[in-house]
Amino acid sequence: TRSLTITSTDQSMFEKAQGEKVTLPCTFELSEEDEGPLDIEWVLIPADNQKREKIIIMYAVDRVYDNYYGAKTGRMQFTNLDPRSGDGSLDILNLKAVDTGTYQCKVKKAPGVQSKKIQLTVLVKPARTKCSIEGPQEIGKDVTLKCVSQEGSPLLSYDWRRVSGTQNLPATSTLNKNTGELLLKNASREYSGTYNCVASNRVGTDECSVELNVTPPVNTAGIITGAIIGTLLGLSVLCSVIFCCCKKHREKKYEKEVHHDIREDVPPPKSRSSTARSYISSNRSSLGSMSPSNMEGYTKTPYSQVPSEDFERAPPQNPAFAPSKVAAPNLSRMGAVPVMIPAQSKDGSIV
């Protein structure tokens with residue numbers, strides 16, 4: 001007895017790039033015995049067997065239901081607008097990496113029931129490929145050119161080529177297609193130029209370039225010596241500045257201390273002129289209180305020199321002369337400096 005049969009059995013695995021469109025085939029034939037309503041379901045079988053299958057689109061009772069699976073809403077449709085014609089194929093638009101999985105087409109028309117599984121793999125093209133140089137670009141050194149794609153489904157393959165000069169890789173180069181590393185041993189000036197890397201997988205390619213410039217070795221000893229000299233000079237200048245600042249600070253501190261030590265209530269020392277004026281004033285006062293006999297002897301005394309400040313000190317005793325009996329005025333009350341007054345003795349000599 002003939003019954004429902006799925007005829008699309010030629011291809012069960014598909015590989016597509018992200019962003020592309022895929023058609024999963026599911027054609028069928030009905031028999032006269034299949035009299036029930038037609039029911040077509042597409043389900044996504046999870047990789048984990050512990051999880052349940054998810055219906056993503058369904059045709060039942062002459063109507064399409066495509067809002068079961070939110071991740072594919074608006075990106076899925078039946079290839080034929082009328083699946084009753086025997087074509088229940090599914091179109092998935094704008095493929096994404098999450099669309100990778102196992103899909104199953106189920107066709108039911110009682111009493112006939114048939115199903116078919118299809119494996120879909122969504123591959124991501126290489127993208128955001130970056131090239132770089134590792135190691136010193138000096139003559140005689142080993143240099144490594146690196147190439148890495150930030151996006152892309154495995155297995156990725158890398159290939160380097162030279163786009164300047166001889167356009168051939170150096171004879172000492174070693175390429176690792178899986179890691180994208182190109183090792184250039186014992187580099188020379190002839191290795192300089194532009195290098196291009198191509199990253200590829202089964203669904204696309206991406207490229208990047210890098211410029212290699214091999215130069216003579218740098219004089220490291222000279223650079224280190226210059227750095228040391230510069231550092232020492234900088235330290236010496238810094239020390240000089242600090243020394244000057246400290247010295248200036250000490251001078252200011254000393255001036256401030258000396259200024260505070262000066263007492264404002266101490267009178268300045270007397271000058272010679274003020275001492276002379278005091279002496280003359282004292283003599284004039286003394287003259288007013290002397291007797292005529294004393295005045296006569298006093299006028300005969302020479303008075304041509306003004307005493308100095310040392311006059312106040314007592315002169316040495318002379319044993320040839322006796323002290324005068326003339327009473328000296330009370331000079332302390334008069335505010336004058338005490339002085340020695342000449343006098344005349346009975347025999348006419350000056351004392």
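Reply: Let us begin with the bond that joins Cys131 to Cys208, whose sulfur atoms are 1.8 Å apart. Please keep in mind throughout that this is a predicted model. The torsion about the S-S bond of Cys131 and Cys208 is about 75°, and the disulfide is therefore right-handed. Because Cys131 belongs to strand β12 (residues 127-134) and Cys208 to strand β18 (residues 204-212), the pair ties together parts that are 77 residues apart in sequence. Buried here means under 20% relative accessible area, and by that cut-off Cys131, with 19%, is buried, as is Cys208, with 9%.

This bond is one of three disulfides in the structure. In another of them, Cys26 is joined to Cys105, with an S to S distance of 1.9 Å. Here the torsion about the S-S bond is about -70°, so the disulfide is left-handed. Cys26 sits in the loop between β3 and β4 (28-29), while Cys105 sits in strand β10, so that this bond ties together parts 79 residues apart in sequence. Cys26 is buried, with a relative accessible area of 0%, and Cys105 is buried as well, with 1%.

The remaining bond to describe joins Cys147 to Cys197, with an S to S distance of 2.1 Å. Its torsion is about -90°, which means that the disulfide of Cys147 and Cys197 is left-handed. Since Cys147 lies in strand β13 and Cys197 in strand β17 (residues 193-201), the pair ties together parts that are 50 residues apart in sequence. Cys147 and Cys197 are both buried. If you number the bonded cysteines of the protein chain in sequence order, the pairing reads 1-2, 3-6, 4-5.

Not every cysteine is bonded in this way, and Cys246 is in no disulfide. The sulfur of Cys245 has its closest cysteine sulfur in Cys246, 6.9 Å away, and that is too far for a bond. Cys246 is partly exposed, with a relative accessible area of 38%.

The bridge partner of Thr144 in β16 is Leu183. Four residues stand between the strands in the hairpin of β15 and β16, where Gly180 takes a positive phi near 80°.

Strand β10, which holds Cys105, leads us to the largest nonpolar core, a group of 26 residues in which Leu24, Trp42, Ile56 and Ile92 have the most contacts inside the core. The strands that each supply at least two residues of this core include β3 (22-24), β5 (39-45), β6 (54-60) and β10 (101-109). Leaving aside neighbours within four places in sequence, Ile56 is in contact with several residues, among them Trp42, Tyr68, Met76 and Tyr103. Apart from this core lies another, of 18 residues, including Val143, Tyr158, Ala187 and Leu212.

How values were computed: Residues numbered from 1 in each chain as written. Predicted model: local features only at pLDDT ≥ 70, side-chain atom pairs only at ≥ 80, totals over all residues. Heavy atoms only, no water. Pairing = 2+ DSSP bridges. Core = buried A, V, L, I, M, F, W, Y, C linked by side-chain atoms within 4.5 Å. Buried < 20%, exposed > 50% of the residue type's maximum accessible area, 1.4 Å probe, protein only. Contact = heavy atoms within 4.5 Å. Disulfide = S-S within 2.5 Å.
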